[in-house]
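Reader: I'd like to go through this model with you, starting with the strands and then turning to the pocket and the core. Could you show it first?

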Amino acid sequence: MKKKIVFMAMFLPACLGQAKAYQYDPNDFAVEVVSYTAGTGITKDPVDDIHYFNDPNTALGRPTVDTTGDGYDIDPDEIVPVAAVYQPLRAYEMVSVGTGGALVLKFNHPVANDINNPYGKDFIVFSNAAHKILCCANWQNGNPNSTTVNSDMIKDVGIVSVSQDGQNWHSFSEGPFVDDFAATLGRVYNPANPDPNLGGWNLWWGEATDPTIPLDPNVTAASLAGKTVAQAAELYGQSAGGTAFDIGQLGLDWIRYVKIEDNDGYPPEVDAVADVSGCGDYKHPFPGGDLNYDCRVDLVDLALLAANWLKCSWECE
């Protein structure tokens with residue numbers, strides 16, 4: 001009797017840690033403004049001092065990757081990658097709901113409460129919350145290794161609600177909240193391969209981050225305190241950050257509508273709303289060594305490997 005032996009797969013790093021550069025797909029984001037009620041107190045673009053943050057269409061599509069200088073510390077004609085300490089600031093990049101206002105966006109497909117989604121998160125809302133810089137300095141768009149992040153943030157707190165039909169709403173009234181942690185990261189910190197399209201000054205920022213990957217929940221505002229901007233970006237990895245939500249928290253299997261409302265008189269701004277891409281789909285395949293297909297390589301997989309070491313993959317003849 002001859003036995004044919006097939007060895008189990010060797011372990012490889014998890015797929016999210018080695019993700020390829022994100023390829024933009026408009027279907028990953030909200031595609032329609034269902035309604036927009038502009039509240040009071042909506043401000044103007046701080047650079048041109050003309051346009052108000054009242055165009056709801058700016059919340060469609062992907063979050064901002066690069067913004068501009070603010071005209072004070074950085075020339076407004078200069079490209080500035082969005083980072084933890086420097087967020088989108090232009091009226092064509094995001095919309096404010098205003099005090100007492102609300103914004104309702106719609107996906108063109110059901111956003112599922114998918115067990116394969118990283119960290120159990122199903123969609124992400126991006127805004128313009130930002131960390132302060134330690135010792136009260138301002139960002140100069142320079143070396144991210146030379147600037148230290150403070151745990152304190154400049155942020156507003158908006159309420160997010162979701163719906164399947166646009167009529168019956170379920171609210172994340174106890175949080176998470178939009179325009180809160182985590183600040184958006186536009187580009188991957190990659191000094192080995194900086195994007196030359198930003199200009200010769202750029203020695204640090206590489207490809208755009210992936211807005212469909214939620215930030216590791218172990219990364220918190222407190223954990224960034226004392227880190228440099230570069231170190232903070234390294235903790236983000238491929239993720240673009242944003243505030244991530246779990247639909248299952250509300251007992252729902254799927255949603256199509258997202259509503260953002262003012263909560264405390266400090267109206268939030270909305271840059272984008274993204275559907276999380278789950279592990280096991282065409283963008284993030286199951287990692288090598290994930291023997292039980294739970295989107296992670298861990299001790300459970302090791303136990304399966306040990307239990308089946310040198311066993312046949314079919315009936316032995």
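This is a predicted model: local features need pLDDT of at least 70, side-chain atom pairs count only at pLDDT 80 or more; totals for chains, interfaces and linings use all residues.

Reader: Okay, in what order do the five strands of the open sheet come?

Author: The order is β1-β5-β14-β9-β10, and the pairing is antiparallel. Because β1 (32-37) and β10 (169-171) stand at the edges with a single partner strand each, one side of each has no neighbour in the sheet. From one strand to the next, the twist averages 25°.

Reader: And over how many bridges do β9 and β14 pair?

Author: Strand β9, residues 158-163, and strand β14, residues 254-262, pair in the antiparallel sense over six bridges. As for individual positions, isoleucine 159 stands opposite glutamate 261 in β14.

Reader: Switching to the largest pocket, what volume does it have, and which lining residues are closest to its centre?

Author: Its volume is about 650 Å³. Of the 31 residues lining this pocket, Gln87, Leu89, Asn128, Ala130 and Ile154 are the closest to the centre.

Reader: Which strand gives the most to that lining, and what is the lining like by class?

Author: Strand β7, residues 130-133, gives the most, with four residues. By class, the lining of the largest pocket has 16 nonpolar, seven polar and eight charged residues.

Reader: Last topic, the largest nonpolar core: which residues touch the most other members?

Author: Of its 28 residues, those are Trp139, Phe181, Trp205, Leu224, Val229 and Tyr236. The elements giving two or more residues to this core are β8 (149-154), α1 (221-224) and α2 (229-236), and α2 gives the most, with five residues.

Definitions and conventions: Residues are numbered from 1 along each chain as its sequence is written. Side-chain values use heavy atoms; hydrogens and water are left out. Two strands pair if DSSP finds at least two bridges between them. Axes are lines fitted to C-alpha atoms, for helices over the stretch in contact, and angles run from 0 to 180 degrees between N-to-C directions. On a 1 Å grid over the protein atoms alone, a cavity is a set of points where a 1.4 Å probe fits but cannot get out, and a pocket is an open set with protein on both sides within 12 Å along at least five of seven lines; lining residues have an atom within 4 Å of a point. Grid points are joined across faces, edges and corners, and a volume is the space filled by probe spheres set on the points. Ala, Val, Leu, Ile, Met, Phe, Trp, Tyr, Cys and Pro count as nonpolar, Asp, Glu, Lys and Arg as charged, and the others, Gly among them, as polar. A nonpolar core is a set of buried Ala, Val, Leu, Ile, Met, Phe, Trp, Tyr and Cys residues joined through side-chain atoms within 4.5 Å. Buried means under 20% relative accessible area, exposed over 50%, partly exposed in between (1.4 Å probe, protein chains only).
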